[in-house]
Structure formats: C-alpha cells, structure tokens
Amino acid sequence: MRSSGRWSQQVIVSALFVLLFIGLALALPGFRQVDNLLTLIQNVSILGILGLGMAVIVIGRGVDLSMIAALCIPPALLLQLVQDGHGIAFALMAALALTVAFGVLNGWLIAYAEVPALFVTLASGLFLAGLGQAFFFQLETVQWPPGPATLDVIASVGRGRLLGVPASVWMLGVTLLLMAAYLRWFTLGAYVYAMGDNPQGARTAGIPTRPMLLLQYVSSALIAAFAGLVLAASLGSLSTRIFNSTLIYDVILVVVLGGIGLSGGRGGVSNVLIGTLLIGTLLNGLTILDVGYSVQNLVKGLVLLAAIVIDTFLNPRNEETAQQGDI
Amino acid sequence: MKTVITTLAAAAALLASGSAFAQGKGLDEPIRGGYKKALTGKTVAFLPGAMAMDLAQGWLKGLKTELEPQGIKVVVRDPNFNTQAGAQAFTQLIADKPDVIVVHNPDVSTYAKLIAQAEKAGILIVQINMASVTQSTAYVGTDWVDMGEVQAEAVVKACQGKSGKVAIVQGSFTAAASAYTVKGIENVFAKHPAIKIVSNQSADWQADKAKAITQTVLKQHPDLCGIIGFWDAMDQGTAAAVKEAGLTGKVFVATSGGGETKATCDMVKSGAYDLNVSYNVPNQGANLASTIKYLLSAGVKPGQLKGQMYTTLVPVTKANAGAEGTCWTLGK
C-alpha cells in the first residue's frame, strides 16, 4: 500500500486543488461567487458520476472503456422509443434491459471467458455504439420529446433546481453517497478491495470473484446510463456523437488524478471527488479567462503529468512496492 | 436562276420537315444524345462528415433524386465523425476512381492534399458547405463570411441600448464554418465599437461543452446581450444554459443550421433560439446535383475550371418559423 504514506497522490492533488482554488479566487472576482462554484460542480457532475462508476471497477483491478457507449445508447433509445409513440414504461424497460444485458456481456467475457477487461470493453463499447448509431437512430442527436408528463418527471434528474442547487449536482451527491456506502459498509465493497489487491488470493479465500465481476460491470453500465439520462435531461437532447469524444479519457483522468491506482485495491470515492473538483476548477477558471478548448486540453494534460511526476518523486517505486499489473 | 434553285430547295426542305410535323413525329434533339452518354453509368461518391447528421441526409437525398434517374450511381462513404476514417475513405475512393467525389470537409486542412491528388487523378471534386484551403472544380454551399455578417447584424440590433457584451461559441477553430464565420462577425463588429466580445471559445461541436461554457460565461456576465453559436445541434446546449439561467428572451441567441424542422423551426418556435440562419439543405442538395450534371455533360476536366456556387441563407425567426416551406422535414 504505497499510497498510505503522508504524501499520497491524493494529498498532492488536494494540495494542487487548494492552491489553484485560492489562486483563482484571488485573481478572478467572478470565480469566488457561490453561483459560479455551483456552476463549476454542475459542469463536471456527469464526469463525476462516470468517475464514480469507473472507480469501483478500477479498485477491483479492472477498467471499463465502454462507459461512454453505455452513457449514450440506452438513454437515447429511451427517448427514441418515446418519440416513436411507445409507452414510457416500455421504453424504460427496453433501455434498462439493454443496459443490463450489456453489463452482463462485459462481465461474462471478463469473468468467465477470461478476456482482459481492457480489450473486452474497448470492443464492446464500439459494438454498442455502432449498434445504436447504425440501427436504432437515424440521426446522431436524439431530442428529448416535449409531451408526456411522466417523461417530465424523469427529466427532473437533470433539470431545474432544488434548494437552489442544480439537479445534476444532487445526482452527483446521491451517487457519491451510494458508492461510499457500498464500498465502506457492505461486504460486497470489501470484496471489491480484496479482488483488486490480490485476485488469486481473493478467490482462494472463497470470495465469489466471477459473480462479483459480473455485478461490477453491470453496475458500471447502469451508472453510465444514469449519467446519460441526467445529461440528456439537462441538455434537452442527447448526441451519440459524444462516444467519439475524449470523455472516456477524462473519466480515467479524474480517477487516476485522484489517486486511485490502475493496479487496483486502493482509493475510494473521496479520490474521485478531489480529481473531479480539480478538473472542474481548471476548466471553469480557463473558461472565465476565455482560454480555448485546445489549450484547456493542454493544461489538463500538464496537470496530470505534474501530479504523476510529483508522486513518483515522493513515492519512488522499487521491487517491494511495485505491484503486478502496475501500468 | 440561283434564287429559283434556293427557293426550290427551301420549299423541298419545308415540305420534308412539314410532313414530319404534319404526321406528329418527333425530332431528334441534337444535344440530348451527348448528354445521356456523358451521364449514364457515371459514379458519384459522397463523403460527408457523418451520415447521422440531418445535413448529410438532406444532401444525399438531393443527389439521389436528381442524379439516379439520369443513370448516375451514387455511393456513400460514412466516416461517422472520424477524420482519420474520412481520410482513409478518401484515399480508397481515389483508388476506386469514381467520376465525381462530393466531399464535406471536417476542417480546412485535413483533406487539402487528397483533394489535389484526386483532381490530378482525374476525379472531379465538388466540395459541399465546408471548403478546404485547396480550391477544386466546384464549391457548393454557404458563404460563411456572409453567415457571420447576417448573425452579427442581428445581434448588434438586439444589443442596442444594452450592455453590448457578446459571446461566441465556435465549433472547432479549424473548420471552414468556424474560421470564416468569425471573419464575418468581425467585419460587422468593427463598425460597432459599442459591441464587446467577452468570450470566444470552441465547444468542438458538442452540446454538453457548449452548455458548460455558456453557463460559466453567463455567471460572469449576467448582462450579456447576445450569443452567436455556430451550429444548431451544438447550440441546444447553449440554449439550455440560457434557459436554465432564466434569461430566455433577454439574451439574444443566434445560431445556424440546415433548416430541418425539429432542429430549426421547432426550436425557434419554442424560444430557444431567437435566430437560426438556415442554409436550406434541400436547396443545397439541388444545387449540388445541378453542378454535377452540368460538369459531367460539359465534359469538364478536373482542374480545368474552378468555381463557387454560394447558396442562399434563410434567416428563421419567430416571424417565419411557423410558415410552410421555411423548414424541411427529414423523411424516414
């Protein structure tokens, strides 16, 4: 457990975040307004929800590159079915069934066929996105249909405010609490850490690792689809083009930046939170400074590199601390 | 004597043709045969940014309805928003040697060399709506500088007596539809010193990014009087941010798009956009097909001519969004 030291990556990133936050608050009067801070969190809430889903997978020593496909295709299918005149219950069930089936497919291939998660999810994401883009939808943008009142109820996950806080921020909070509870207080959560720390050992100890993997990938697909629903409600439409974007790298970025090692077994929801907040602060500050999108990417890359380099200096790796599967 | 013979000959000719008319028979149209020969069996390849856009669907429909009945084969290569895949498809097409390639450039430079290479290989290149820096035989589509000017004029008018603060949400900086539109906006704003651009960013054609940028900008400048967005599919996010801030009607939102009913007219009617300058995709599709028919029938060789066909812009506002014919509807 090399990250348990005083200067763990989480501490480094938290320090970076605090420095950046204070710097921006002093330099930009518009930054420190409460309203702007809420906007900051709102703008990264989807990223945060996805990061939480990814974190549970990564802690269990896996990775799910298919999350963006699960984010856009099932919710878009829901909207498309409603547009085509199907009932909302039917549309919801179809979208849910697709998501679960997709998670089971991922989990089965990883757990039972023993194909590495990296390859499985890379391919399955392409498959699901392709399936959607080619057969389910005529256009890349699926509109949120205006009519049915039940659908407006569903829309409240991403639209409007409660007690002055935007809905998507609430959804991030709810997901955060659920995940924290799952990892901390449930036996299943302890299994996840055990599997990430030592998969062989976990199995020998009698943990049902294969059904656990299945559960893991079903849950990440469900979380991704939920994030997609929040996104669609907040935008009033959902574009399957988002699959072609670099969003999945941003998700991995917040997970790794927060200090959850890709080798598994370490970290928790607080890591995701700090990673997400750092990225959110960066993006918000740069947008206020009117810095373009390409430069924003550059800065994101630099910050990640800086965090990793500082971590390597403060926590040098050696034969003892290096883990099998370290990337 | 000479006149007599001429008269007789003329009379004979008249009689001959007269008899044809008298019997109701047709005449051989002298140029039709050449036209048919020039067009029949030709292949036109269509390489859009992605077929999943209303724009591409509309252009393809125009190509098919006008060209297929003339015996022209229309083939499609769909790179699905992947520039790399697009360049590969283009290279493959050059090897396949269709007679014409209709190309929709994702930016001004990616296909620049391929366009020159294709024309050298004897393929006519017609660029649709987004031009590359390499000029080819024909460009059919929007005059983006004009587009910028139309939108900027509307925003200037809406900003009169207000803060004069304007935000711009670009697509990607290197696309023709972004770079040239900015030029048009600058042309107009240069004449109105009261207008100040407080934010000029790119959302990479994505609605979620457009929303995030607009939300932040609106928090910094709640007195913003206008936003110019560069594509309606992306500016759904821009409009959502304005609506969420409760500023619909207070901040003038201008955007542009292909004029499809759901994306254009419905959104203007709902108040999401105050102006959506439509480039009328069915009209562009028809112009595209006409250009190709003309080039093929005239036997134009690649590189022999270089010309443009700018299509007319239709500003859609609440005044005409409900009128028939303003928008077009995508068929199933």
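## Interface between chain A and chain B

Across the interface of chain A and chain B, 16 residue pairs are in polar contact, with both residues at pLDDT 80 or more; a polar contact here is a pair of N or O atoms within 3.5 Å, where within protein one must be able to donate a hydrogen and the other to accept it, and residues adjacent in sequence count only if both atoms are side-chain atoms. The elements that give two or more residues to the side of chain A that touches chain B are helix 2 (34-43), helix 4 (67-83), strand 1 (141-143), helix 11 (209-235), helix 13 (269-288) and helix 14 (293-314) of chain A, and helix 2 of chain A gives the most, with five residues. Helices (H or I, at least four residues) and strands (E, at least two) are DSSP runs, numbered from the N terminus.

The contact (heavy atoms within 4.5 Å) takes 37 residues from chain A and 36 residues from chain B. About 3000 Å² is buried between the two chains, 46% of it given by carbon and sulfur atoms, where buried area is the accessible area (1.4 Å probe) that two parts lose on being put together, summed over both. In chain A, Gln138(A), Arg241(A) and Tyr293(A) lose the most area to chain B, together 23% of what that side buries. The count of salt bridges between chain A and chain B is zero, a salt bridge being a side-chain nitrogen of Lys or Arg within 4 Å of a carboxyl oxygen of Asp or Glu.

## Basis and confidence

This is a predicted model, in which local features need pLDDT of at least 70 and side-chain atom pairs count only at pLDDT 80 or more, while totals for chains, interfaces and linings use all residues. Residues are numbered from 1 along each chain as its sequence is written, chains are lettered from A and ligands numbered from 1 in the order in which they are written, and side-chain values use heavy atoms, with hydrogens and water left out.

The model scores ipTM 0.81 and pTM 0.85. The mean pLDDT (the predictor's confidence in each residue, from 0 to 100) of chain A is 85, with 94% of its residues at 70 or more, and that of chain B is 90, with 93% of its residues at 70 or more. Within chain A, confidence is lowest in helix 14, at a mean of 77, and highest in helix 5 (residues 88-111), at 94.

## Overall form of the chains

Chain A comes to 14 helices and four strands, and chain B to twelve helices and twelve strands. The radius of gyration of chain B is 25 Å, well over the 20 Å that the globule rule gives for 332 residues, so chain B is more spread out than a compact globule; the radius is taken over C-alpha atoms, and the rule is 2.2 Å times the number of residues to the power 0.38.
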